[in-house]
Every structure is written in structure tokens, then in C-alpha cells.
Amino acid sequence: MTIGVKYCGGCNPRFERSSIVSRLRRDFPNAEIASALHGPADVIAIVCGCPAACASAEGLTAPGGVFTLTCPEDYDDLRRRIADAVASGSFPASSGEGSTQ
């Protein structure tokens with residue numbers, strides 16, 4: 001499974017945005033974590049540091065969905081949706097590659 005990540009510009013972060021990627025790596029250790037801008041992904045997380053959610057989803061598509069996170073609490077819904085998709089076989093638990101960013 002490949003999880004694409006796109007960050008906002010970081011002009012007004014209210015939390016450490018990279019903590020979302022750290023949690024993805026912890027919860028999905030066999031997933032490839034890659035830039036959402038450089039190739040296909042099974043799911044995409046747009047990590048915004050504040051409620052303005054200024055990072056655009058334009059042009060981003062993924063079979064598992066494109067999710068915008070604006071606070072650490074948004075992670076639980078993303079994790080649940082990814083876990084449910086893996087459990088249902090919607091996309092594989094492992095991409096066969098190591099994690100990158």
C-alpha cells in the first residue's frame with residue numbers, strides 16, 4: 001500500500017505536521033509513505049497545520065480517497081479508514097517496498 005502525503009506551506013502551524021507521518025509509519029509499518037505529488041498512491045493525506053486548510057487537493061486522486069487533516073485529532077478517522085480498506089482487501093497491507101518520504 002502506498003500512502004501519499006502532501007503538506008501545506010506551514011505558515012501558521014498549530015501542531016507538528018510531521019507527527020501525522022510518524023503515526024502513519026507506526027500504524028502501517030509495511031506501507032510506502034511517499035510524496036503525493038510524485039506518482040500514484042492508494043490513499044492521500046493532505047496535512048495542513050491549521051483550520052484554514054489552504055493546501056489544494058486539485059489534481060490529486062487515490063482509490064482510497066484524499067483526506068485533509070487540520071489537527072492531530074483528524075488522524076483517527078484517517079487511520080480507521082485505511083485499516084478498514086486494508087481489512088476489506090481494497091488495497092494491500094504491504095507495497096513490497098520500504099517506507100520513504
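Helices, of at least four residues, and strands, of at least two, are DSSP runs numbered from the N terminus. On that basis, Ala 53 belongs to the loop between strand 3 and strand 4. The model is a predicted one.

**Strands and their pairing**

- Strand 1 and strand 2 (residues 32–35) run parallel and are joined by 4 bridges.
- Within this pairing, Ile 3 has Ile 33 as its bridge partner in strand 2, and Val 5 has Ser 35.
- Strand 1 also runs parallel to strand 3, to which 5 bridges join it.
- On that side, the bridge partner of Ile 3 is Val 43 of strand 3, while Val 5 stands opposite Ala 45.
- Strand 3 is in turn joined to strand 4 by 4 bridges, again in parallel, and Ile 44 has Val 66 as its bridge partner in strand 4.
- A right-handed β-α-β unit is formed by strand 1, helix 1 and strand 2.

**Burial of the strands**

**Helix 1**

- The buried residues in helix 1 include Ile 20, Val 21 and Leu 24.
- Viewed down the axis of helix 1, its buried residues fall within an arc of 95 degrees, so they line one face of the helix.
- An α-helix has 3.6 residues a turn, so residues three or four places apart point the same way.
- The cover over the buried residues of helix 1 includes strand 1, strand 2, strand 3, strand 4 and helix 2.

**Helix 2**

- Helix 2 (residues 75–88) has 14 residues and should span 20 Å at 1.5 Å a residue; its end C-alpha atoms are 20 Å apart, which agrees.
- Tyr 75, Leu 78, Ile 82 and Ala 85 are the buried residues of helix 2.
- These residues cover an arc of only 100 degrees around the axis, which puts them on the same side of helix 2.
- The face turned away from this buried side carries the exposed residues Ala 87 and Ser 88.
- Strand 1, helix 1, strand 3 (43–47) and strand 4 (66–69) are among the elements that cover the buried residues of helix 2.

**Nonpolar cores**

- The largest nonpolar core has 20 residues, of which Ile 3, Leu 24, Phe 28, Leu 78 and Ile 82 touch the most other members.
- At least two residues of this core come from each of strand 1, helix 1, strand 3, strand 4 and helix 2.
- Helix 2 gives the most to this core, with 4 residues.
- Beyond its neighbours within four places in sequence, Phe 28 is in contact with Met 1, Ile 3, Tyr 75, Arg 79, Ile 82 and Ala 83.
- A second, separate core of 9 residues includes Cys 8, Ala 55, Leu 60 and Ala 62.

- Cys 8 is found in the loop between strand 1 (2–7) and helix 1 (18–27).
- Cys 8 counts as buried because its relative accessible area is 13%, and the cut-off for burial is under 20%.
- Neighbours within four places in sequence aside, the contacts of Cys 8 are Arg 17, Val 47, Cys 48, Gly 49, Cys 54 and Ala 55.
- Cys 8 and Ala 45 are 37 residues apart in sequence, and their C-alpha atoms are 11 Å apart in space.
- Ala 53 has a relative accessibility of 30% and therefore counts as partly exposed.
- Most residues other than glycine have a negative phi.
- Ala 53 has a positive phi, near 45 degrees, although it is a residue other than glycine.

Methods. Residues are numbered from 1 along each chain as its sequence is written. This is a predicted model: local features need pLDDT of at least 70, side-chain atom pairs count only at pLDDT 80 or more; totals for chains, interfaces and linings use all residues. Side-chain values use heavy atoms; hydrogens and water are left out. Buried means under 20% relative accessible area, exposed over 50%, partly exposed in between (1.4 Å probe, protein chains only). Contact means heavy atoms within 4.5 Å. The expected span of a helix is 1.5 Å times one less than its number of residues. The arc is that of the directions from the helix axis to the C-beta atoms. Two strands pair if DSSP finds at least two bridges between them. A crossover is right-handed if, with the strands pointing away from the viewer, the path from the first strand over the helix to the second runs clockwise. A nonpolar core is a set of buried Ala, Val, Leu, Ile, Met, Phe, Trp, Tyr and Cys residues joined through side-chain atoms within 4.5 Å.
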